[in-house]
Amino acid sequence: MESPFEYDVFISFSSQDEPIVKPVWQELCSSGLRVFWSDATLKEEVGNSWFQVIQHSLELSKHMLLICTSASMSSKWVQMEYQAFLDSCYTPGSRRLIPLLAQGYLFSDLPIFLRQLEGGKLEDPKMIQKVIASIGGFNLENLKRENASLKQQVVF
């Protein structure tokens, strides 16, 4: 059965945080996930309303990954994105909003309604792989090891 979603995950972040978000986006993509990354997607939609593209992409994203920094959490765009996702898309157990706290951003800094969500710290080296596993991606390094092991076992 084909998924009703165009994206597995929508990444919400401040453009100021792109250097810490880009490696996350790359890892998600290399794990077989379809990721909405505003910079890449909006370039493909030149001439269209950014607001409409983002709104439509939120509806077509199964999950949202919210990168939490001082810049992102004070951004009106980021606030609109996560509020819209929570109000219209979030369904516990099937459509998740996952806050990932960047270094220096505390759990207690989150808006109170985001504190109830399961999230993690971006600096945890295993966190992105946990997120990937929880939203349906695969671990590329494990697949490479398994493939190498299978090749060694095959004898003609």
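In which sense do strands β1 and β3 pair, and over how many bridges? In this predicted model, local features need pLDDT of at least 70 and side-chain atom pairs count only at pLDDT 80 or more, whereas totals for chains, interfaces and linings use all residues. Residues are numbered from 1 along each chain as its sequence is written, and side-chain values use heavy atoms, with hydrogens and water left out.

Strand β1 (residues 7-12) pairs with β3 in the parallel sense over five bridges; strands (E, at least two residues) and helices (H or I, at least four) are DSSP runs numbered from the N terminus, and pairing requires at least two DSSP bridges between two strands. The bridge partner of S12 in β3 is L66. Strand β3 also runs parallel to strand β4 (residues 97-101), to which five bridges join it. Here M64 has L97 of β4 as its bridge partner. Of the eight residues of β3 (residues 61-68), seven are buried (under 20% relative accessible area, 1.4 Å probe, protein chains only).

Helix α1 (residues 18-30) and helix α6 (residues 127-134) have axes that come within 10 Å and cross at roughly 40 degrees. Axes are lines fitted to C-alpha atoms over the stretch in contact, with angles from 0 to 180 degrees between N-to-C directions. The contact (heavy atoms within 4.5 Å) is made by V24, E27 and L28 of α1 and by I128, Q129 and I132 of α6.

Definitions and conventions
Buried means under 20% relative accessible area, exposed over 50%, partly exposed in between (1.4 Å probe, protein chains only).
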